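The stops below go from confidence values to cores, then to a helix and a hairpin.

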Amino acid sequence: MSYIFVLDTKRCIGCGACAVACMDQNDLEPRQGDPVFRRCFTVEKGENKYDPVTYMSMSCMHCKDAPCIQGCPSGCLKKDPETGFTVYDNTNCIGCHSCAMACPFAAPGFGREGKMVKCDGCIERVRQGLQPACVKVCPYQALSLVSQEEFEQRNREKKARLLAYTALI
Amino acid sequence: MNDLRAMTKGKLPGSETGIEIRHTICDICTPGPQCGIDAYVKDGVVIKVEGTPGFPTNQGALCTKGAANRQYIYRPDRIRTPLRRVGKRGEGRFEPISWETAMEEIARGLNRVKETYGPESVAFMTGYPKWYRPWLQRLAFSFGSPNYFTESSTCHKSETMSWRLTYGCEMRQDILGMPEVLVGWGCNPLVSAYPMGRSYYQYKEQGGKVVIIDPRRTPTATQCTDLFIRPRTGTDGYLANTVARLIIENGWADMEFIQAHVHGFPAYREMVMGYTVEKAVEITGVPEEEIRELARLIGTAKKAIVQPSNGLSHHKNGLSTHRAVICLNALTGNVNKPGTLFPAWDTAADMSAGFRTYEGEFATERFPQKARPRVGAGRFPLWCEMFYEAQAMDLLRFWKAEESYPIRAMYAHGVNHRMYPESSGLLEMAGEMELVVAADLFMTDFCRHADIVLPACSSFERGEVKSYPGGYINYTSPAIAPLYESRDDVAIITMTANALGLDDPLLRAGYDISVKHIYRDVPLDLDEVKAAGLPSKVECGAGRDYFAAPLNTPTGKIELYSERIAKYEADYGLDPLPVFSDGFDCPPTAEFPMSLITGGRLTNAVHSRLHDVPWLRDLRPEPAADIHPEDARRLGIAQGDEICLVTRLGRIRVKANLSAISAPGEVNFYHGYREANVNEIIPKEHLDPYSGFPGYKQLRCRVEKAEVTM
């Protein structure tokens, strides 16, 4: 089964709980030189009271066709067949940042030893049937991990609703 | 990577990894949610935290603050041993001493002050957290001092006063009883109280309609609002009374309910008839159609909830504003039926769990009736009539005033001087005391002014009883041993009571005995509750009906006209009706053309206690003020520029965050920063005459682009 991280921007408030839970899970100390794996943003458009505000939480998107894998000259990155996560073994990482340059989301980071580190989807937890730390903590269930099948089903429903709505107007 | 290494790195609990899950609670933003925590413990050390699945409040999730518990409890500036000051006050030079020596010196010092000046001259004070408050309060009273001060002199208790004055008790909102409309007046639960925030989302998803009224465009205003009304700060009272007038004029008031349950309607009606829509538009800045729509929504709904917030009371006109807002529920008969308001009978620690305890009696039964009047008694009689507490906002005036007796010693747990307007006044006062004792987790600036500093421990390192809405009781056990030589606050209070030789066997017997005394009517064995490790259900039945007996107000009815306030009308100029008055700290002046709003919540902080936790601080590293882009353009300010916020007391230097969080003309800043303490520039006399609360959310100010210093 492969999984997809989904953010419901209607429920996210950009509070940062996911980012903190990620640092707690992965023992990341940015002040000691560690990168962070997950970031939260607030994007405001316009200046009036009803102008849109978007809250975001972003990390590695675990792309199906992950450009970082192609970008790495040392073969550190690969897709995990069981979960679909983009996982890595940085033993042979030469710290060249090619993966980071290839990534459209700036997901790969470089730690105290100069080697690439990034979100591994909390793969050990997911293998045991637990949620990734960021998903587990989310106070509003804005962030979720869903299977490919469920994701596609959700999309089909969304498209059907949209179609029905357009037919109505 | 082999399996065990991978599992250990992934922090999977189990015998292979040696990682054990222990249940505890988060005590960072007490006493609201007090969320269940699963602490992942390996070799006696917490290596990760998670929310406890199925816990009554957090249901397995955690907020930003709670997720950082590990860094919070292991902060390097935890106080490690009892300390005795060796340098000057504030210098921060201490030497370690034993607990025995500390207790001997505390007892000697406090008893000396008592003998010389009287027991009232010792101030017993607390900041956060709140769990030990009943014990500290009893300690003060058994010692003979009525001068028990809490940080609630600036937070929440004004709201309690308003509810009790009007409804006889605090009222809770039955949001999931699906009112037709939910008006969150100043409410921002998505940021400040996430279990309630979740009920807002749930209500919305079930088709509910949310109106948010707030000068600030908060995440709650942007994420789950059908109508967002944005009055100028501090003008809510005018808006509420205008809405009341429209409801009455349109015949939407529930006259049957009013006749049966409400006192003072004729006087209230006469008062609100003086409020006009035209004037409301002028004062509040809210468009006429929004005012009329708000009145229509509240007035015509079969059931509606107008939910007030704490923030309403943080104004010089705060208590009356809060009352004006909650009067709308009674006016429309939206009380005591599903989807409206229900009484929130207090169980313990400000929580309403549905069963009764003796916490209140335990805390107050030793109140020294013959003691000289409390601090604040002369100035805030309504406060002193309603609570067994002194009003801390009068402390800085009182201790120097000639007509009063002197305060000569402070015994403090978790005190944060930055909660006080003109904060450094409290440190100056500490500097002139004969003895200052401070118990805390961290070496705060207040601790640095103490003579004896005592190391307290976190909720992870102690056991405690909590009750939760829905009829739950929980008794935690320590997830880890207390760090260093720290002890829990109640243990410290118990030691102090014993060292002082107080004639109070119950207090001196310690936590386990007193908690059994407090919860003696709960039909569960507390030892079994403790052994269960997770919340146990208490059978508590349907509870007393709100209208079954006369309400706890002088007339036994809901008082739009407060007879309790009326007693102080002549001597103190307090108005028994929720009239609107200007809430600024000074008359309008060209020198200070903008309004300053402070004290709002961030997701990554609560007061000052999380600004030193790196994971949280790094989410928003700089103290930054929200200023509307239009004002910024006018002032030549760009995103991230250094700016000064200036009030008539002084200035602080912060970063500019250009955002429509603030309306044009208003600037919003958050409190508790060491390097930019906004409370320092809030006048200590800028207080609500009813409650004594500071007007944190309404000051005249100006914003200047800071000069660049090289």
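In the hairpin formed by β18(B) and β19(B), three residues separate the strands, and G470(B) has a positive phi near 100 degrees. This is a predicted model. Colour chain B by pLDDT: the average is 95, and 99% of the residues score at least 70. For the complex, the predictor gives an ipTM of 0.96 and a pTM of 0.96.

Opposite V465(B), look for Y475(B) in β19(B).

Next, select W185(B). Together with Y268(B) and L328(B), W185(B) has the most contacts inside the largest nonpolar core, a set of 166 residues. Helix α10 (residues 236-249) of chain B gives the most to this core, with eight residues. Beyond its neighbours within four places in sequence, W185(B) is in contact with residues including D236(B), L239(B), A240(B), P308(B) and L328(B). Another core, of 47 residues, lies apart from that one; F380(B), I407(B), I565(B) and F693(B) are among its members.

Finish at residues 157-167 of chain B, helix α6, where ten of the eleven residues are buried. Among the buried ones are K157(B), E159(B), W163(B) and Y167(B). Just after α6(B), G168(B) takes a positive phi of about 85 degrees.

Conventions
Residues numbered from 1 in each chain as written. Chains lettered and ligands numbered in written order. Predicted model: local features only at pLDDT ≥ 70, side-chain atom pairs only at ≥ 80, totals over all residues. Heavy atoms only, no water. Pairing = 2+ DSSP bridges. Helix = DSSP H or I, 4+ residues; strand = E, 2+ residues; numbered from the N terminus. pLDDT = per-residue confidence, 0-100. Buried < 20%, exposed > 50% of the residue type's maximum accessible area, 1.4 Å probe, protein only. Core = buried A, V, L, I, M, F, W, Y, C linked by side-chain atoms within 4.5 Å. Contact = heavy atoms within 4.5 Å.
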